[in-house]
Amino acid sequence: MHPRLSWLTIPLLLSACAGPLPDPDPKMAWVELEAREVTSLLMAERLDGQRLDDGRYFQVAPGAHDLETIYRYYYGNTMGRNTLPLACLLRLRYPDFAAGQRYRLKVWAQGIQVQGELHDAAGRQLAEIEVLSCGFY
């Protein structure tokens, strides 16, 4: 593994394991976050413009919401050499979150193109993310 890759990856992975998740509130909708690549990280950043304290999930009241996430990943050679760390700010707007329902926001990169989708508990696609910005970190 490339030394820089391991040095940058360890803090990202450790920050995602900062303790147990709370129990979902049945009066709210729960949105899990999933980054497909092993060396990537997807974290909740803002809910309706307000910064979140815990970036591992969203828990939202029923109705319409604007979710922003930060997606960090490495672009380049998969063997760990010549990789570049990228961070993207992503937005998901969804009008119909339902109380007691679980959702999954899945994000992945194909080269420098970032894509993402919101799925319901049955796996049906409900919405796509919008990439607001991406850059090196």
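How many aromatic pairs does the structure hold? The structure, which is a predicted model, holds five aromatic pairs, and it also holds one disulfide.

**Aromatic rings**

- In the pair made by phenylalanine 97 and tyrosine 103, the ring centres lie 5.1 Å apart and the planes meet at 85°, so this pair is edge-to-face, given that planes over 60 degrees apart are classed in that way.
- Phenylalanine 97 and tyrosine 103 are both buried, and ring pairs also link these two residues with Tyr94 into a cluster.

**Charges over rings**

- Arginine 36 places its charged end over the ring of tryptophan 108, at 3.9 Å from the centre of that ring.
- Arginine 72 has its charged end over the ring of tyrosine 137, and here the distance to the ring centre is 4.7 Å.

**The disulfide**

- A disulfide is, in general terms, a covalent bond that joins the sulfur atoms of two cysteines.
- In this model the disulfide is formed by cysteine 88 and cysteine 134, whose sulfur atoms are 2.0 Å apart.
- Cysteine 88 has a relative accessible area of 1% and is buried, because buried means under 20%, whereas cysteine 134, at 44% relative accessibility, counts as partly exposed.

**Strand pairing**

- Strand 1 (residues 29–35) pairs with strand 4 (residues 57–60) in the antiparallel sense over four bridges, and within strand 4 it is tyrosine 57 that stands opposite glutamate 32.
- Strand 1 is also joined by six bridges to strand 7 (residues 102–110), and these two strands run parallel, with alanine 35 standing opposite valine 107 in strand 7.
- As a general rule, the side chains of a regular strand alternate between the two faces of the sheet.

**A loop residue with positive phi**

- Aspartate 48 lies in the loop between strand 2 (41–47) and strand 3 (50–51), and its phi is near 50°, which is a positive value in a residue other than glycine.
- Aspartate 48 has a relative accessible area of 40%, so it is classed as partly exposed, the class that falls between the limits of 20% and 50%.

How values were computed
Residues are numbered from 1 along each chain as its sequence is written. This is a predicted model: local features need pLDDT of at least 70, side-chain atom pairs count only at pLDDT 80 or more; totals for chains, interfaces and linings use all residues. Side-chain values use heavy atoms; hydrogens and water are left out. Rings of Phe, Tyr and Trp (its six-membered ring) pair if their centres lie within 6.5 Å; planes under 30 degrees apart count as stacked, over 60 as edge-to-face and the rest as tilted. Buried means under 20% relative accessible area, exposed over 50%, partly exposed in between (1.4 Å probe, protein chains only). A charge sits over a ring if NZ of Lys or CZ of Arg is within 6 Å of the ring centre and within 35 degrees of the ring normal. A disulfide is a pair of cysteine sulfur atoms within 2.5 Å. Two strands pair if DSSP finds at least two bridges between them.
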